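The structure comes first, then the details.

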Amino acid sequence: MSVSKKKRGELIVLSGPSGVGKSTVISELLSSRRDIHFSVSFTTRQPRTGEEDGVNYNFVSREEFERMIADQELLEYAEYVGNYYGTSLKVIRDKLEQGVDVLLDIEVQGAAKVQERCPEAVLIFLIPPSIEELSRRLHRRNTDAEEVIQLRLEKARQECRECVHYDYLVVNDTVMDAAQEILSILQAELCRTQNRLHLAQSIIGQD
Ligand code: 5GP
């Protein structure tokens, strides 16, 4: 293990079933950690009311997304409830190389690909307090048809089974508590010996 100053940013992956409240937790997190870059994904799904192109997602056509796949422009991508979602490889690589921490909000298949390609990434899974509470949250959001909500609930059950592959599990009971737990996780990651060896440099010397 080399005694050098940590240069690369941390890649943070946050997953959790649709409706669990990831976006709200992420907003809370980013308000305390303004230095983290949130990766804006590409998707072929239609924008929901209030969503802005380039802010919530980069909304693209299926043809454009398939071109990006063919040209290997994506770090990972997945098809989720009939639409493509994917992460730009270039943006992530550039940010990490600049030493900026990057946060990805992606589903479980994409997270598995990130883990394979970037084993040093920190994987966090956000779960709802119960499946009943998730159902309430999806209905309250009032953005999807009942049929889509039922699909999302079934998918949520399957997705939550994948939490065993993640490094950390956070329950989104209250947004503040969940965001606080994630902040603590990131703080602990920062304190990993491999990320801090440079601080011991003057004491232990360098070969
Ligand atoms: P929604 O349609 O509710 O915005 O997102 C559906 C799912 O797609 C969520 O679980 C979200 O985390 C996931 N997602 C968003 N962006 C990406 C991405 O770039 N890649 C992958 N694999 N999943 C994504």
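Glu10 counts as buried because its relative accessibility is 12%, where buried means under 20% relative accessible area, with a 1.4 Å probe and protein chains only. Glu10 belongs to the segment before strand E1 (11-15); strands are DSSP runs of at least two residues, numbered from the N terminus. Its C-alpha atom is separated by 11 Å from that of Gln187, 177 residues apart along the chain.

The model is predicted: local features need pLDDT of at least 70, side-chain atom pairs count only at pLDDT 80 or more, and totals for chains, interfaces and linings use all residues. Residues are numbered from 1 along each chain as its sequence is written, and side-chain values use heavy atoms, without hydrogens and water.

The ligand is surrounded by 18 residues, the closest being Arg45, Tyr57, Tyr85, Asp105 and Glu107; a residue counts if one of its heavy atoms lies within 4 Å. This shell divides into 5 nonpolar, 6 polar and 7 charged residues, with Tyr counted as nonpolar and Gly as polar. Strand E5 (74-80) and strand E6 (83-88) each supply at least two of the shell residues.

| Residue | Ligand atom | Distance |
|---|---|---|
| Lys22 | oxygen | 2.8 Å |
| Arg45 | oxygen | 2.7 Å |
| Glu107 | nitrogen | 2.7 Å |

Taken alone, the ligand exposes 510 Å², and the protein buries 95% of that, by the Shrake-Rupley method with a 1.4 Å probe.

Methods. Polar contact = N/O pair within 3.5 Å; in protein donor to acceptor, adjacent residues only side chain to side chain. Helix = DSSP H or I, 4+ residues; strand = E, 2+ residues; numbered from the N terminus. Buried < 20%, exposed > 50% of the residue type's maximum accessible area, 1.4 Å probe, protein only.
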